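Visitor: I would like to learn how to read a model of this kind, beginning with the overall fold and then moving to individual residues. Could you take me through it step by step?

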Amino acid sequence: MSAVYAYNVNVALGNVLRKYREGRGFTQDEFAAYCGLSRAYYGRVERGEHSLTIEKCQKIATTLNVRLTDLFGELQE
């Protein structure tokens with residue numbers, strides 16, 4: 001019997017966001033402030049504990065200077 005892999009889109013998106021944020025040299029505190037989000041909330045997003053609205057995704061993408069499709073394009077289908 002093989003193990004079933006449970007894909008969690010929130011965790012996957014959080015990993016993508018972390019990669020972009022760190023690549024831009026932002027701390028979580030700085031980045032959350034630029035996005036107009038609390039650091040605690042943004043930390044939960046990166047850990048996959050929170051689902052984002054499209055509006056918040058757009059704020060994050062704008063702060064990262066990327067398109068939404070860049071963020072979502074890295075997720076599994």
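Guide: Please keep in mind from the start that this is a predicted model.

Visitor: What are the dimensions of the box that the C-alpha atoms fill, and what share of the residues is buried?

Guide: Taken along the principal axes, the box is roughly 45 × 25 × 25 Å, and buried residues make up 35% of the 77 residues in the protein. As for how the chain meets itself, among contacts with a separation of 6 or more, 60% are between residues 24 or more positions apart.

Visitor: How many residues does the largest nonpolar core have, and which of them have the most contacts inside it?

Guide: The largest nonpolar core has 21 residues, and those with the most contacts inside it are Leu-17, Tyr-42, Leu-52, Ile-60, Leu-64 and Leu-71. At least two residues of this core come from each of H1, H2, helix H3 (39–46), helix H4 (54–64) and helix H5 (68–72), with H1 giving the most, namely five residues.

Visitor: Which residues of H3 are buried, and what covers them?

Guide: Tyr-41, Tyr-42, Gly-43, Val-45 and Glu-46 are buried in H3, and the elements that cover the buried residues of this helix include H1, H2 and H4. H3 is followed by Gly-48, whose phi is positive, near 80 degrees.

Visitor: Turning to the loops, where does Arg-24 lie, and which residues is it in contact with beyond its neighbours within four places in sequence?

Guide: Arg-24 lies in the loop between helix H1 (9–23) and helix H2 (28–35), and, with those neighbours left aside, it is in contact with Leu-64, Asn-65 and Val-66. The side chain of Arg-24 reaches the backbone oxygen of Leu-64 at 3.1 Å, while the C-alpha atoms of Arg-24 and Asn-65, which are 41 residues apart along the chain, are separated by 9.8 Å.

Visitor: Why does Arg-24 count as partly exposed, and why does Asn-65 count as exposed?

Guide: The reasoning rests on relative accessibility, for which over 50% means exposed, under 20% means buried, and partly exposed is in between. Arg-24 counts as partly exposed because its relative accessibility is 40%, whereas Asn-65, at 69%, counts as exposed. Asn-65 has its place in the loop between H4 and H5, and although it is not a glycine, it has a positive phi of about 60 degrees.

Technical notes. Residues numbered from 1 in each chain as written. Predicted model: local features only at pLDDT ≥ 70, side-chain atom pairs only at ≥ 80, totals over all residues. Heavy atoms only, no water. Helix = DSSP H or I, 4+ residues; strand = E, 2+ residues; numbered from the N terminus. Buried < 20%, exposed > 50% of the residue type's maximum accessible area, 1.4 Å probe, protein only. Contact = heavy atoms within 4.5 Å. Polar contact = N/O pair within 3.5 Å; in protein donor to acceptor, adjacent residues only side chain to side chain. Core = buried A, V, L, I, M, F, W, Y, C linked by side-chain atoms within 4.5 Å.
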